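This briefing reviews a single protein chain for a reader who has the sequence and the coordinates at hand. The points below are grouped by topic.

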Amino acid sequence: MRVLIIAPTNFQSYASSVLVKLIEDPNIHVVGVLLHKFTLRRLKNEFKRDGKRIFTKILNKAILGEKKSLDYSFETPKKILDNSGIKADLKGICKSNNLYFKEVSLFNSAKLCEELAALKLDIGAFCGGGLLRDNFLNSFSFGVLNCHMGILPMYRGMDVVEWPFLQNDISNVGVTCHIMDRGIDTGDILEVVKINSEKFDSFIDMREYLSGVMYNLMIKNILSIALGDYTKVKQLKRDGKQYFVMHPLLKNLAIKKYK
């Protein structure tokens, strides 16, 4: 089973921890990493989507290096790497293991898709980096897997950790592993994991816990596919809704409801 990691930044702990774990497994042939280059165009697109909070994300993830995630009692991608004595550095990990590494500004270019087809890839492990189109998705014989931090099909899109609280639906918080298609979180579902959302002190803590769930779910489902032991459940668009970035006023209301 030939797997390619697809990541939004070089120093992302989630992608790095998935990469390290898959390299260790004899049933998986990790081809390498495809990285989304951070350009001015990408910054503009992400600012359009996330607004000013994109700068908070950059500060917390890139500059502070996810230090807080080491303090939790539960498993996070950062803690997994730290316990192994490995730093989140996709390029460095690929170099030390003689793996393919490529940084691109566009995932969906015809030239890149031709290159990926030549690598004879089975699975893409998507850890973030933007929307993917059919020509890219079709470069993988099985498909591209994504672990969505929300329960599908009910909660597609953005801020789907917080939206259930506004709708008094706190039992529907968790992670869904699905096969990506050209829609937003609309592909076939492989597995859903729900959590007890009431045991955390904040949405920040809950998201950190969910990042560990995402890691385990991605690894588990890639290995299940390699062994031929998996089930796909088709989504219907009418079964759920797409949610967008939550307005700060609504987010404050969600925080009050959570507390």
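Strands S5 and S7 pair in the antiparallel sense, over 4 bridges. Within this pairing, Asn146 has His178 of S7 as its bridge partner. The model is a predicted one, and the secondary structure of its chain comes to 10 helices and 9 strands. Of the 259 residues, 49% count as buried. Among contacts between residues at least 6 apart in sequence, 73% join residues at least 24 apart.

**The sheet**

- The strands S3-S2-S1-S4-S5-S7-S8, in that order, form an open sheet of 7 strands with mixed pairing.
- S3 (100-104) and S8 (189-194) each have a single partner strand and stand at the edges, so one side of each is left without a neighbour in the sheet.
- On average, and with direction ignored, neighbouring strands of this sheet are turned by 15° against each other.
- Strands of a sheet pair through backbone hydrogen bonds, in either the parallel or the antiparallel sense.
- S4 (residues 121-126) pairs with S1 (residues 2-7) in the parallel sense over 4 bridges, and Leu4 has Gly124 of S4 as its bridge partner.
- S4 also pairs with S5 in the parallel sense, here over 5 bridges; Leu121 has Phe140 of S5 as its bridge partner.
- S5 is mostly covered, with 7 of its 9 residues buried.

**Helices packed on the sheet**

- Helix H1 (residues 13-24) lies across S1, S2 (29-36), S4 and S5 (140-148). The direction of H1 is at about 165° to S1.
- Helix H9 (residues 203-226) also packs on the sheet, where H9 touches S1, S4, S5, S7 (174-179) and S8. The direction of H9 makes about 160° with that of S5.

**The two sides of helix H6**

- Which residues of helix H6 (residues 110-118) are buried? They are Leu112, Cys113 and Leu116.
- Lys120 follows H6 and has a positive phi, near 55°.

**Aromatic pairs**

- The structure holds 12 aromatic pairs.
- A pair of aromatic rings is described by the distance of the centres and the angle of the planes.
- For Phe74 and Phe200, the ring centres are 6.1 Å apart and the planes stand at 85°, so this pair is edge-to-face.
- The pair links distant parts of the chain, 126 residues apart: Phe74 is in the loop between helices H3 (53-63) and H4 (77-84), whereas Phe200 is in the loop between S8 and H9.
- Phe74 and Phe200 are both buried.
- For Phe107 and Phe136, the ring centres are 5.6 Å apart and the planes stand at 35°, so this pair is tilted.
- Phe107 lies in the loop between S3 and H6, and Phe136 in helix H7, so the pair ties together parts that are 29 residues apart in sequence.
- Phe107 and Phe136 are likewise both buried.
- Ring pairs also link Tyr72, Phe74, Phe200 and Tyr209 into a cluster.

**A charge over a ring**

- The ring of Phe142 has the charged end of Lys232 over it, 6.0 Å from the ring centre.

**Asn252**

- Asn252 belongs to helix H10 (residues 248-258).
- Is Asn252 buried, partly exposed or exposed? With a relative accessible area of 42%, Asn252 is partly exposed, because this class lies between under 20% for buried and over 50% for exposed.
- Asn252 and Glu162 are 90 residues apart in sequence, and their C-alpha atoms are 10.0 Å apart in space.

How values were computed. Residues are numbered from 1 along each chain as its sequence is written. This is a predicted model: local features need pLDDT of at least 70, side-chain atom pairs count only at pLDDT 80 or more; totals for chains, interfaces and linings use all residues. Side-chain values use heavy atoms; hydrogens and water are left out. Two strands pair if DSSP finds at least two bridges between them. Axes are lines fitted to C-alpha atoms, for helices over the stretch in contact, and angles run from 0 to 180 degrees between N-to-C directions. Contact means heavy atoms within 4.5 Å. Buried means under 20% relative accessible area, exposed over 50%, partly exposed in between (1.4 Å probe, protein chains only). Rings of Phe, Tyr and Trp (its six-membered ring) pair if their centres lie within 6.5 Å; planes under 30 degrees apart count as stacked, over 60 as edge-to-face and the rest as tilted. A charge sits over a ring if NZ of Lys or CZ of Arg is within 6 Å of the ring centre and within 35 degrees of the ring normal.
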